[in-house]
Amino acid sequence: MRRDELKQPLHKRNTAARLWQQRPSALVSAYAIMLCVYAGSGVWLTRQHAPFAGEPVVTVAMAPIEVTENLDMAQSVVKQDKLATEEEDAVDVTTASTDIAPSSTRQKITKMDSHVTIITNSRPSLVKAPVEAVTETSDQGPLPKIASNGARPADVYAKKASLNDLHSDAPKIVLILGGMGLNEKLTRTAITQLPSEVTFAFAPYGNNVQAQVDKARDEGHEIFLQLPLEPVGYPANNPGPRTLLADGDAATTRENLNWLLSRFAGYAGVINYMGGRFLSTPNATKSLLSEIKSRGLNFVEDGSGPMTSTDQVAGPLNMPIRHGTSVIDQNPDPSAITAALDALEQQAQGGEIAIGTGSGLDVTISTVKEWIGEAQTRGVVIIPASAAFVGSRG
């Protein structure tokens, strides 16, 4: 008799043997193991922080935006910005606290819903001047120069136009308002009221010119320098101190030109102020344009003089220049200014860039502001003066 038969008579089996007899089959065990693994994986995945797992992810840097809870807070931001950057002026501060329209501030306010308002900067600042690489130090002040790497002040200080605008079929207009810097209040009005695509030409006279230029560039406006050139009827008709004369001796002309160019920094080009006689004298014009080109600046002729030698001289110098089509406020009346702007729009409809020049008169500023607001609804694009030189460096 076998030993297990003694311990388990009549074929009775112990508990372990009975359990072993009732063990699950290999197939059932495999199913159970797979079920456990599947359930465990599901639990593990739900605890992982990877909402886009398996999907391609692209990271794009975006300009910071400010989010505020309501419009009242947006008004507060606008008011604080103006209070911090402008001089104390009761009228202007009152306006700032109530007028937050995008066209009159540097902030564009987009109300997403009743709880969220997004504020973005519609007037991106230009680089602070002077930029050392394109600045020559002189006894008279900072002079523009071409950098050792070839960078020109015309490029460094330019306001970049949108490529979509430049390559679109929309009529494109350049507006240059001169006489800036002579009246600080009017200059400040132009800086804050007009779209940043409007170019300002500063006179080389006046107080705190650099500070006013800095403010204009901070608000996104491109800057040109107005050069006083000898007009017909000089000196009875006098543009100002150190006017460049058509028959002036070379040393005096160079000294005066350097003085005029060194009044402030941050301009991308030069535009004439008067100069009917100077610009109709080829030798004087050639000397001036040669110096302007050697300093890496653009040159715009304001269109006030019908008989000039600039094209005759600029060709052999391989220097691109641009001509103003009309002086928009030759008749300083709102209806006349509007008619001149409409004529610019008609010219631009033909595909060429139309350039209008004017002055910083109160009536000019207000009329230009109103006209631009309406023209943009018709698809007209205002571009900075330097954009008219794109692709024609010379």
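Does Asn-318 count as buried, partly exposed or exposed, and at what relative accessibility? At 48% relative accessibility, Asn-318 counts as partly exposed, where buried means under 20% relative accessible area, exposed over 50% and partly exposed in between (1.4 Å probe, protein chains only). This is a predicted model, in which local features need pLDDT of at least 70, side-chain atom pairs count only at pLDDT 80 or more, and totals for chains, interfaces and linings use all residues. Residues are numbered from 1 along each chain as its sequence is written, and side-chain values use heavy atoms, with hydrogens and water left out.

The protein chain has 15 helices and 14 strands; these are DSSP runs (helices H or I, at least four residues; strands E, at least two), numbered from the N terminus. Of its 394 residues, 40% are buried. Take the contacts (heavy atoms within 4.5 Å) between residues at least 6 apart in sequence: 69% of them join residues at least 24 apart.

Back to Asn-318, which sits in the loop between helix 13 (310–317) and strand 11 (321–323). Just after helix 13, Asn-318 takes a positive phi of about 55°, although it is not a glycine. Helix 13 itself has Thr-310, Val-313, Ala-314 and Leu-317 buried. Looking down the helix axis, these buried residues fall within an arc of 95°, so they line one face of helix 13; the arc is that of the directions from the helix axis to the C-beta atoms. Gln-312 and Pro-316 are exposed, on the face turned away from the buried side. Covering the buried residues are, among others, helix 11, helix 12 (282–294), strand 10 (298–301) and strand 11.

Helix 11 turns up again at the largest pocket, as one of the elements that give two or more residues to its lining. That pocket has a volume of about 650 Å³. On a 1 Å grid over the protein atoms alone, a pocket is an open set of points where a 1.4 Å probe fits, with protein on both sides within 12 Å along at least five of seven lines, and lining residues have an atom within 4 Å of a point. Grid points are joined across faces, edges and corners, and the volume is the space filled by probe spheres set on the points. Of the 39 lining residues, the closest to the pocket centre are Gln-226, Tyr-273, Met-274, Asp-302 and Ser-359. Strand 6 provides the largest share of the lining, 5 residues. By type, the lining splits into 18 nonpolar, 18 polar and 3 charged residues (Ala, Val, Leu, Ile, Met, Phe, Trp, Tyr, Cys and Pro count as nonpolar, Asp, Glu, Lys and Arg as charged, and the others, Gly among them, as polar).

Met-274 lies in strand 9 and has a positive phi of about 60° although it is not a glycine. Its relative accessible area is 22%, which makes Met-274 partly exposed.
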